[in-house]
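Thanks for making time this morning. I have one structure to go through, so please have a look at it first.

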Amino acid sequence: MDIDVPHSLGVAEAKRCIDAGLSKSQHHMPGGGTVDATWTTDARLGMKITAMGQTMPVQILVEDAMVRGTVSVPMVLKMMSGPILEFVKTRAQKMLPKPA
């Protein structure tokens, strides 16, 4: 599942906002899930979201005016893919101010 979140921050500031928001995101995970994240390049963030005993890999690409993400939902959670995608997108939008 793919998400795109527009912003007007540039890569460096968007990364700073994402880093600041990651710790807050964990507190909003249903069922006490966890978020593990590592920057694999200057503009790529690899994440593992664990919730309900399942792990979902997430890849984030930060561009000058867009953050693009791919969430891999395990088969056992496919019926929840809509709410999962909405959760990830909403958290990303809260981390990044809306574009001007």
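Is M47 buried or exposed? M47 counts as buried, because its relative accessibility is 13%. Before I go on, note that this is a predicted model, so everything I say is computed from predicted coordinates.

M47 sits in strand β3. If we set aside the neighbours within four places in sequence, M47 is in contact with L22, V35, D36, A37, M56, P57, V58 and I60. For a distance across the fold, take M47 and V11: 36 residues separate them along the chain, and their C-alpha atoms are 18 Å apart.

In general, nonpolar side chains of soluble globular proteins tend to be buried together. Here the largest nonpolar core has 24 residues, and those that touch the most other members are I18, L22, M47, I49, I60 and L96. Two or more residues come from each of β1 (2–6), α1 (10–26), β3 (44–51), β4 (54–62), β5 (66–71) and α2.

Next, helix α2. It covers residues 81–95, which makes 15 residues. From the first C-alpha to the last, α2 reaches 21 Å, close to the 21 Å expected at 1.5 Å a residue. Which residues of α2 are buried? They are S81, I84, V88, R91, A92 and M95. These residues lie on the same side of α2, because the arc they cover around the axis is only 105 degrees. As a general point, an α-helix has 3.6 residues a turn, so residues three or four places apart point the same way.

How many cavities of 30 Å³ or more does the structure hold? There is one. The largest cavity contains about 200 Å³ of space. It is lined by 17 residues, and the closest to its centre are L22, M47, V88, A92 and M95. The elements giving two or more residues to the lining are α1, β3, β4 and α2. Of these, α2 gives the most, with five residues. V88, A92 and M95 are also among the buried residues of α2, while L22 and M47 are among the core members that touch the most others.

S8 is in the loop between β1 and α1. S8 counts as partly exposed because its relative accessibility is 47%. S8 and P97 are 89 residues apart along the chain, yet their C-alpha atoms are separated by 7.8 Å.

E13 belongs to helix α1. Its relative accessibility is 31%, so E13 also counts as partly exposed. Between E13 and L96 there are 9.2 Å, C-alpha to C-alpha, with the two 83 residues apart in sequence.

G53 is in the loop between β3 and β4. Where M47 is buried, G53 is exposed, with a relative accessible area of 69%. G53 and G33 are 20 residues apart in sequence and 8.4 Å apart in space, taken C-alpha to C-alpha.

That is the end of my part.

How values were computed. Residues numbered from 1 in each chain as written. Predicted model: local features only at pLDDT ≥ 70, side-chain atom pairs only at ≥ 80, totals over all residues. Heavy atoms only, no water. Helix = DSSP H or I, 4+ residues; strand = E, 2+ residues; numbered from the N terminus. Expected span 1.5 Å × (residues − 1). Buried < 20%, exposed > 50% of the residue type's maximum accessible area, 1.4 Å probe, protein only. Arc of directions from axis to C-beta. Core = buried A, V, L, I, M, F, W, Y, C linked by side-chain atoms within 4.5 Å. 1 Å grid on protein atoms, 1.4 Å probe; cavity = no way out; pocket = protein on both sides within 12 Å on 5 of 7 lines; lining within 4 Å. Points joined across faces, edges and corners; volume = space filled by probe spheres on them. Contact = heavy atoms within 4.5 Å.
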